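Here are my notes for you to read beside the model. Keep the 3D view open and follow the points in order.

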Amino acid sequence: MLLIMLPLLLPLLLLLLGGVVMVLGEVSSPSCLTGVPHFLEITELSGSNIRHIIQLAKVVKRKTKTGELSTVFSNYEMALIFTKPSLRTRSSFEGGFHRLGGHTVYFAPSDIGLGKREAVKDIARVQSRFFDLIVARVHKHEHLKELACYSSVPVINALSDYNHPVQIMADLFTIVEHFKEPITNKKIVYVGDCNNIVTSWLKLASRVAFTLAVACPPTLSPPDAQALAEAKNAGLSTVDYFTNISAALPGADVIYADVWTSMGEKEKQSERLAHFKGWTITSSVMRSTGKPNTVFMHCLPAERGREVTEEVLESKSSIIFDQAENRQHVQMAILMHLLKPYGNRTHRRTTTKA
């Protein structure tokens with residue numbers, strides 16, 4: 001009789017004892033924190049948010065040039081968690097944050113061992129106690145999402161294998177700045193590998209109206225299917241995918257390239273280069289757009305002579321160094337938008353259950 005009644009009595013017994021059922025092999029973890037303003041993808045921003053950040057970046061850049069920047073991030077601490085080395089990303093975040101009065105601590109891959117030496121969720125909860133925000137540049141996007149899930153302070157995506165939102169926000173700012181008009185009537189042509197940069201452009205196309213043509217070799221993977229579908233279904237932008245470079249180029253205001261072999265793929269370099277025969281951006285390619293004012297952009301570092309010629313990189317059409325500089329101004333505008341340092345510290349080192 002007792003054996004028959006046991007299944008019915010067990011839940012009541014556990015309730016009385018205040019216990020929690022622990023199934024063998026099951027991990028007990030707190031659910032994701034809510035209300036923390038992270039920036040992992042561009043689609044976490046609305047179109048109006050994006051426009052606000054672009055306008056704010058204009059102010060930041062102007063005041064940087066005139067020396068009028070206020071120290072809005074005084075007494076703020078930023079953790080930079082990088083599993084990939086960087087020049088522009090680290091320099092732009094550290095330099096910009098220092099200019100605005102903040103302090104940064106950089107953690108190299110060997111310092112933390114994200115997800116190896118220590119669980120990602122433990123790192124997130126510990127660093128949340130020490131810092132006001134976390135900027136993470138990681139190999140795996142899943143690690144970034146887990147950091148954000150368990151962090152009680154904002155987490156900013158400084159690059160993952162899935163997307164690179166701060167780069168594309170800076171690119172948007174650079175295009176608007178260069179042409180002195182909204183991106184709405186501009187055509188952006190991306191040429192190269194359908195990588196995280198392409199995903200980021202597709203994410204932007206679902207929030208802001210413009211024309212985007214993506215051209216990638218037919219023998220390599222196409223763009224991320226979900227991001228492509230989101231961009232098309234949003235109904236804001238005209239988005240096309242090509243496997244032929246010449247079909248994408250007519251009418252381009254911007255030709256955008258990236259390296260053909262990213263970090264983590266260098267051991268496959270010779271194999272990958274075979275896919276890109278005839279895909280180098282040359283002066284002839286620039287002229288084939290049919291527009292005299294087409295500009296060239298590259299998120300850098302560039303491998304000169306591969307995805308783009310030296311001649312194009314050093315030409316008047318190249319705006320790559322404006323593009324690189326604008327990383328700092330736009331990223332600081334993003335931080336201001338997320339943290340709202342002008343008196344609002346709601347998300348500042350709030351205590352979480354560890």
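1. Start with a caution. This is a predicted model.

2. Look at strand β1, residues 77-82. Buried here means under 20% relative accessible area. Five of the six residues of β1 are buried, so the strand is largely enclosed by the rest of the structure.

3. Turn to strand β2, residues 103-107. Strands β1 and β2 run parallel, and five bridges join them. From β1 it passes through helix α3, residues 88-99, to reach β2. This β-α-β crossover is right-handed.

4. Strand β1 also pairs with strand β3, residues 133-137. Five bridges join β1 and β3, and these strands run parallel. To locate the pairing, find Met78: Leu133 of β3 stands opposite.

5. Next, the second largest pocket. Its space comes to about 230 Å³. Its lining has 14 residues. Nearest the pocket's centre lie Arg51, Ile54, Val176, Pro182 and Ile183.

6. Which helix gives the most to the lining of this pocket? Helix α2 does, with five residues. Helices α2 (47-66) and α7 (165-179) each supply at least two residues of the lining.

7. Eight of its residues are nonpolar, two are polar and four are charged.

Note on methods. Residues numbered from 1 in each chain as written. Predicted model: local features only at pLDDT ≥ 70, side-chain atom pairs only at ≥ 80, totals over all residues. Heavy atoms only, no water. Buried < 20%, exposed > 50% of the residue type's maximum accessible area, 1.4 Å probe, protein only. Helix = DSSP H or I, 4+ residues; strand = E, 2+ residues; numbered from the N terminus. Pairing = 2+ DSSP bridges. Right-handed = clockwise from strand over helix to strand, strands pointing away. 1 Å grid on protein atoms, 1.4 Å probe; cavity = no way out; pocket = protein on both sides within 12 Å on 5 of 7 lines; lining within 4 Å. Points joined across faces, edges and corners; volume = space filled by probe spheres on them. Nonpolar A, V, L, I, M, F, W, Y, C, P; charged D, E, K, R; others polar.
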